[in-house]
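Could you walk me through this structure, starting with the ligand's surroundings and moving out to the sheets, the domains and a few backbone details?

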Amino acid sequence: MNKNYYSPIVIIGSGLSGLYLSLKLAEAGIPSLVLTKAPKAIQTNTWKAQGGIAAVSKPGDSIEAHIKDTLNTGNGLCNPDAVKRIIEQAPERIMDLQKWGVRFDDHVGKEGGHSFRRIFHFQDQTGAYIHRTLLDQVLKTPLIKLLNNAFVSKLIKNDSKIITGVEILNHPSHIQIQTKAVVLATGGCGKAFLYTSNWEGATGDGLTLGHQAGAELKNMEFIQFHPTCLYHPMARNTLITEALRGEGAFLINDEKVAFMKNYHQKADLAPRDIVSRSIKLEMKKSGAECVFLDATHLPDELWEHHFTGVFKNCQKFGINPKSEPIPVVPSAHYQCGGVEVDENQRTAISNLFAIGEVSESGLHGANRLASNSLLECVSTGHQAFESLQYLKSTKLEVSLPSKLTPSTETSSEISILWDEVRRCTWNYGGLMRSEKLLLKGLRRLELIKEDIEDTLSSLPHLTSAAQELINIHFVSTTILKAGLLREKSIGTHFRMDDPT
Ligand SMILES: Cc1cc2nc3c(=O)[nH]c(=O)nc-3n(C[C@H](O)[C@H](O)[C@H](O)COP(=O)(O)OP(=O)(O)OC[C@H]3O[C@@H](n4cnc5c(N)ncnc54)[C@H](O)[C@@H]3O)c2cc1C
């Protein structure tokens with residue numbers, strides 16, 4: 001083990017929250033190290049965000065209205081102080097992004113749950129565009145070092161239980177980086193479910209790291225499902241935007257019958273959770289593996305100017321949405337809970353902070369208002385920046401490894417266990433839960449754990465695929481346990497055996 005590497009602040013994650021924080025710190029003269037486990041910094045959920053980022057900007061709209069919409073969506077489980085703090089600063093955070101070169105389309109958009117137009121966006125590729133712009137800034141900022149292929153597998157603590165560094169998987173020996181503060185900016189955990197809109201690496205690593213270090217996890221039962229993810233053996237996480245239904249596309253079952261009107265008066269425009277559960281029920285009735293989104297009647301102009309991304313994605317998999325319905329399934333989309341933090345983004349462990357999707361900032365409660373998560377990334381990033389000011393006067397030397405060699409190899413045994421965990425989370429802790437299902441799921445996870453331990457004991461060294469398997473297993477168990485404790489349906493958590 002090499003113990004000579006050092007950076008005053010280590011930010012784990014190169015998504016919007018991590019990049020934003022590193023840029024703010026650099027402006028204040030504070031160097032930081034941004035780590036990403038992926039070969040490319042763009043491999044994030046941020047890159048996939050389509051809709052936009054919410055902030056009040058128009059006459060008629062108000063901070064109070066945005067707060068009210070957020071609290072309504074969160075079903076009474078948001079932290080009102082956190083909601084106020086995050087939403088009040090939204091316009092300023094948009095200005096931060098603009099200062100670094102982000103340009104939004106002229107017209108702010110409107111999305112479900114928002115009572116006014118307040119979604120800043122860039123076509124249907126907002127996340128990718130913001131990320132590209134911030135990454136350009138990061139790469140030309142000398143005070144920020146970005147290391148790719150840096151898979152953090154452990155947080156290091158001293159005898160006083162204070163975080164002093166991170167350990168990175170590397171071959172042949174792991175690397176340690178000493179630091180004064182670690183910020184978890186590791187994003188979500190969609191990959192714990194069989195179907196997800198999330199990127200490949202959304203394996204809840206920050207949840208496992210935080211938990212192992214002694215931080216609290218909160219609200220983990222609240223997973224938001226998106227109704228329409230492309231169903232295709234090769235399309236692992238391709239979202240089909242809700243805006244298509246907004247323009248008149250409708251869901252049909254395998255007998256080509258439109259079914260949403262049987263479930264909700266708003267039919268295909270019912271709230272996300274209701275549409276997701278209706279699809280699941282329809283699939284259960286017929287035994288089919290997916291339903292279909294019929295958008296064949298939409299005018300060419302919409303495909304050419306508004307839904308270029310969806311059109312290209314469908315074509316990639318041999319589907320022409322102009323002439324055939326798109327096969328879709330609901331998928332795990334967003335983690336509302338996470339590592340519990342206070343108003344300064346501090347966890348319960350000294351020197352450990354959390355920002356962005358991995359953090360439980362109090363903004364979402366039982367459900368997330370659309371486009372509030374990119375906002376959470378920048379607002380919590382800003383709050384962490386304020387908290388880290390105390391490092392302004394520390395020594396600025398940084399010493400880092402020049403190159404990392406991660407152990408990325410996997411085996412069929414590990415792939416099978418990955419699949420088993422994800423199926424288990426989906427089947428027993430997915431859209432429709434009950435005590436019986438959750439208990440069954442937890443029993444299965446116990447058995448899978450034995451197999452995981454057995455498989456890992458025969459590995460010559462820990463690989464990233466093996467560590468991610470450990471992480472999704474932990475996340476899955478946490479979600480099912482949290483679901484068991486909450487007996488009533490609320491927000492994204494639906495209990496078929498709700499006693500009320
Ligand atoms: C398809 C899709 C569409 C969306 N659309 C919107 C939208 O329109 N508006 C909105 O507000 N939100 C949207 N969201 C949600 C939003 O994109 C995310 O909540 C947000 O981007 C999360 O940013 P983040 O910085 O927290 O994490 P991410 O952007 O996911 O970045 C996580 C980073 O952590 C790194 N990491 C993780 N584990 C480790 C480890 N062990 N070691 C080292 N590095 C690690 C990863 O490599 C990555 O760099 C969408 C999400 C998806 C999936």
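The shell around the ligand is made up of 15 nonpolar, 23 polar and four charged residues; here Ala, Val, Leu, Ile, Met, Phe, Trp, Tyr, Cys and Pro count as nonpolar, Asp, Glu, Lys and Arg as charged, and the others, Gly among them, as polar. Among the 42 residues around the ligand, Gly13, Gly15, Gly51, Gly187 and Gly356 come nearest. A residue is near a molecule or strand if its C-beta atom, placed from the backbone, lies within 6 Å of it. At least two residues of the shell come from each of α1 (16-27), α5 (126-139) and α11 (372-387), and α11 gives the largest share, four residues. Helices (H or I, at least four residues) and strands (E, at least two) are DSSP runs, numbered from the N terminus.

Keep in mind that this is a predicted model, in which local features need pLDDT of at least 70 and side-chain atom pairs count only at pLDDT 80 or more, while totals for chains, interfaces and linings use all residues. Residues are numbered from 1 along each chain as its sequence is written.

Next, the sheets. Five strands make an open, parallel sheet in the order β6-β3-β2-β10-β17; two strands pair if DSSP finds at least two bridges between them. At its edges stand β6 (144-147) and β17 (352-354), each pairing on one side only. Neighbouring strands of this sheet are turned by 20° against each other on average, direction ignored. Inside it, strand β2 (residues 9-12) pairs with β10 in the parallel sense over four bridges, and isoleucine 11 stands opposite valine 183 in β10. Helix α1, which also supplies residues to the ligand shell, packs on this sheet, touching β2, β3 (32-35), β6 and β10, and its direction makes about 170° with that of β3. Contact means that the C-beta atoms of two residues, placed from the backbone, lie within 7 Å. Axes are lines fitted to C-alpha atoms, for helices over the stretch in contact, and angles run from 0 to 180 degrees between N-to-C directions.

A second open sheet has four strands, in the order β12-β15-β14-β13, with antiparallel pairing. Because β12 (223-230) and β13 (250-252) stand at the edges, each with a single partner strand, one side of each is left without a neighbour in the sheet. The twist averages 45° from one strand to the next. Strand β15 (residues 326-335) and β12 pair over six antiparallel bridges, and phenylalanine 225 has alanine 332 in β15 as its bridge partner. Helix α8 (residues 272-286) lies across β12, β13, β14 (291-294) and β15, at about 60° to β12.

Stepping back, the chain is divided into domain 1 (2-221 + 336-391), domain 2 (227-331) and domain 3 (412-485), with bounds from an automatic or database domain assignment. The C-alpha centres of domain 2 and domain 3 lie 29 Å apart.

Finally, some individual residues. Asparagine 198 sits in the loop between β10 (181-184) and α6 (205-213). Asparagine 198 is buried, since 29 other C-beta atoms lie within 10 Å; the cut-offs are 20 or more such atoms within 10 Å for buried, 12 or fewer for exposed, and partly exposed in between, with C-beta atoms placed from the backbone. A cis peptide bond, with omega about 10°, joins histidine 171 and proline 172; proline 172 is in the loop between β8 (163-168) and β9 (175-178).
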